[in-house]
Amino acid sequence: MKKTLSVLFVLILACSFVFAGGAGETGTSAAASSDTKTVKVGLICIGDENDQGYTYNFIRGRDEATQMLAEEGINVEWMTIYNIGEDASCIDANIEAAEEGCQIIINNSYGFEQYMLEVADDYPEIEFISCTNCASVFDGRENTHNAFANIYEGRYIAGVVAGMKLQQMIDEGQITPEEAVIGYVGAFSFAEVISGFTSYFLGARSVCPSVTMKVSFVGSWSDATAESDAALALIDEGCIMISQHSDNTTPATAAQSRGAFHTGYNNDMTGIAPDASLIGTRIDWGIYFTEAIRNYVNGEPIPQDWCAGMAEGAVVMTPLNEAIAAPGTAEKIAEVEAALADGSLEVFDTSTFTVGGQELTHAFALDTDGDFTPDSEEAVYDGAFHESEFQSAPYFTVQIDGIQWLNAAY
């Protein structure tokens with residue numbers, strides 16, 4: 001996953017670097033008392049909070065951590081760099097943050113990690129964190145770290161909400177069982193996306209047995225127009241429920257415009273699609289940011305490969321849109337959340353899906369170099385595929401029956 005660059009160009013991209021000001025950016029330094037500990041943290045983002053999705057969710061986590069740590073006597077000064085591409089400009093952003101005195105630098109996008117690693121060796125005293133990624137834990141460096149969360153748990157619950165709505169429509173004669181089709185807007189055919197839409201589908205099918213899914217990949221994490229176009233095309237294909245693993249709100253507004261339903265990601269989208277969006281799920285990055293920064297300030301190690309789920313508060317659901325949700329949905333959510341927390345429900349229970357008509361008994365897992373291999377740790381055991389157990393980032397890449405990929409994988 002690491003890409004070696006032979007020449008390092010330090011570019012001055014003034015228009016790409018926007019530093020947010022005010023209390024949300026600098027924490028509580030103005031009011032810090034003499035015994036307050038201060039740490040400077042860089043946050044490098046693929047977008048900005050105006051996406052109302054992916055980067056907005058990270059900014060929410062930044063602000064949450066700032067408040068929580070202030071209550072513990074830790075003042076965080078943030079340097080937030082927005083709208084960085086998954087390219088060499090990410091090297092520049094990491095260098096900029098390092099030269100500005102950041103003691104911790106957090107990269108928020110999957111494609112940033114390879115560029116972050118190009119910089120980490122030159123600043124061994126700085127802690128570099130790659131969110132939603134997996135190479136840092138295997139790279140042999142002490143100052144690089146990975147972090148993710150069990151978002152597949154939240155996606156499973158969102159799928160349950162979607163499935164209950166579809167089953168309600170079947171029961172009321174609005175659609176036939178065969179018309180219970182979900183359209184899913186996916187960024188790339190990476191494990192993270194495949195894991196997400198598979199868990200979502202399994203949640204939906206647990207309450208609506210006839211459901212099927214069609215997936216359209218757009219080849220970008222954040223392309224508002226492409227995401228909207230993909231959602232509209234899926235609706236034209238007969239999908240009456242839309243979900244997404246993409247950064248913007250346009251799949252929600254597309255569903256609203258065509259009378260379809262929707263479940264979201266990273267943010268509550270019911271405000272912009274009140275007649276369509278049922279619920280969403282997101283990672284609460286404030287949980288991780290608080291732990292990592294606290295550990296650093298207290299001289300304790302930052303976890304090398306951090307992962308947590310709903311039970312720890314790291315994965316949360318957005319408010320249920322009860323105006324359009326099926327009756328009994330709130331109670332069902334509580335039931336599923338409890339089952340996930342006590343371990344009685346396995347999202348990837350191999351008895352609940354097939355691959356080519358057969359139950360999954362073996363799957364590629366990870367070796368110590370981060371590669372998928374059939375002969376190292378086995379991800380399938382005790383009747384389930386154990387996602388995110390051998391590393392924080394998802395590694396479920398199995399194409400199960402009932403899900404159709406409409407276009408070539410990116």
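Modeller: A salt bridge here is a side-chain nitrogen of Lys or Arg within 4 Å of a carboxyl oxygen of Asp or Glu. By that rule there are 7 salt bridges. The model is predicted, so local features need pLDDT of at least 70 and side-chain atom pairs count only at pLDDT 80 or more, while totals for chains, interfaces and linings use all residues. Residues are numbered from 1 along each chain as its sequence is written, and side-chain values use heavy atoms, with hydrogens and water left out.

Start with E72 and R294. Their side chains meet at 2.7 Å, N to O. The two are 222 residues apart: E72 lies in the loop between helix 2 (54–70) and strand 2 (74–81), R294 in helix 9 (residues 285–297). Helices (H or I, at least four residues) and strands (E, at least two) are DSSP runs, numbered from the N terminus. E72 is partly exposed because its relative accessibility is 41%. R294 is partly exposed too, at 26%. The cut-offs are under 20% relative accessible area for buried, over 50% for exposed, and partly exposed in between (1.4 Å probe, protein chains only).

Next, R141 and D121 form a salt bridge at 2.8 Å, N to O. They are 20 residues apart. R141 is in the loop between strand 4 (127–131) and strand 5 (144–147), and D121 is in the loop between helix 4 (113–120) and strand 4. R141 has 11% relative accessibility, so it counts as buried. D121, at 49%, is partly exposed.

K214 and E237 make another salt bridge, at 3.4 Å, N to O. K214 is buried at 17% relative accessibility. E237 is partly exposed at 44%. Some salt bridges share partners: D121, D139 and R141 are joined into one network.

Now the setting of K214. Two strands pair if DSSP finds at least two bridges between them. G186 has H245 in strand 8 as its bridge partner.
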